[in-house]
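I opened a new notebook page today.

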Amino acid sequence: MWKPVAKLEDFQNGRLVLRLDEHPRPILLLYTGEEVFALEDLCTHDGGPLHEGEVEDGKIVCPRHGARFDLRTGRQTLPAPRPVRVFPARLEGETVLLLLS
């Protein structure tokens, strides 16, 4: 079921970190001005906070060691050993909805 989790006005510089009861790890929301993306906010290499990284070419770069994670798929580059979990996200007007399963 789609769950409303934020409003566009909640974003600061296109980013918002959520802590939801339904999910044990923080979730990073990124708003590009056209689309919204949702992924776990922890690098799989060393647990670094992805929300502090830069977005480049559809990927977020971990600020600690440079691992990159695709915003759509969560696929990683080294040194991260595995992808991050991504969540389906969409906008309905000014509301961000997530599909948590």
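My notes follow, topic by topic.

**Ground rules.** I'm working with a predicted model, where local features need pLDDT of at least 70, side-chain atom pairs count only at pLDDT 80 or more, and totals for chains, interfaces and linings use all residues. Residues are numbered from 1 along each chain as its sequence is written, and side-chain values use heavy atoms, with hydrogens and water left out.

**Core.** I looked up the largest nonpolar core and found 15 residues. A core here is a set of buried Ala, Val, Leu, Ile, Met, Phe, Trp, Tyr and Cys residues joined through side-chain atoms within 4.5 Å; buried means under 20% relative accessible area, with a 1.4 Å probe and protein chains only. Val5, Ile27, Leu29, Val96 and Leu98 have the most contacts inside this core. A second, separate core has 13 residues, including Leu30 and Cys62.

**Sheet.** Next I traced an open sheet of four strands, ordered β2-β3-β4-β8 and paired antiparallel. Strands are DSSP runs (E, at least two residues), numbered from the N terminus, and two of them pair if DSSP finds at least two bridges between them. β2 and β8 (86-87) are the edges, each pairing on one side only. I found five bridges between β3 and β4; leucine 29 has alanine 38 in β4 as its bridge partner.

**Cysteines.** How many disulfides does the structure hold? I got zero, with a disulfide being a pair of cysteine sulfur atoms within 2.5 Å. The sulfur of cysteine 43 has its closest cysteine sulfur in cysteine 62, at 3.8 Å, so that's too far for a bond. Cysteine 43 is buried at 5% relative accessible area, and cysteine 62 is buried at 2%.

Terms used: Buried < 20%, exposed > 50% of the residue type's maximum accessible area, 1.4 Å probe, protein only.
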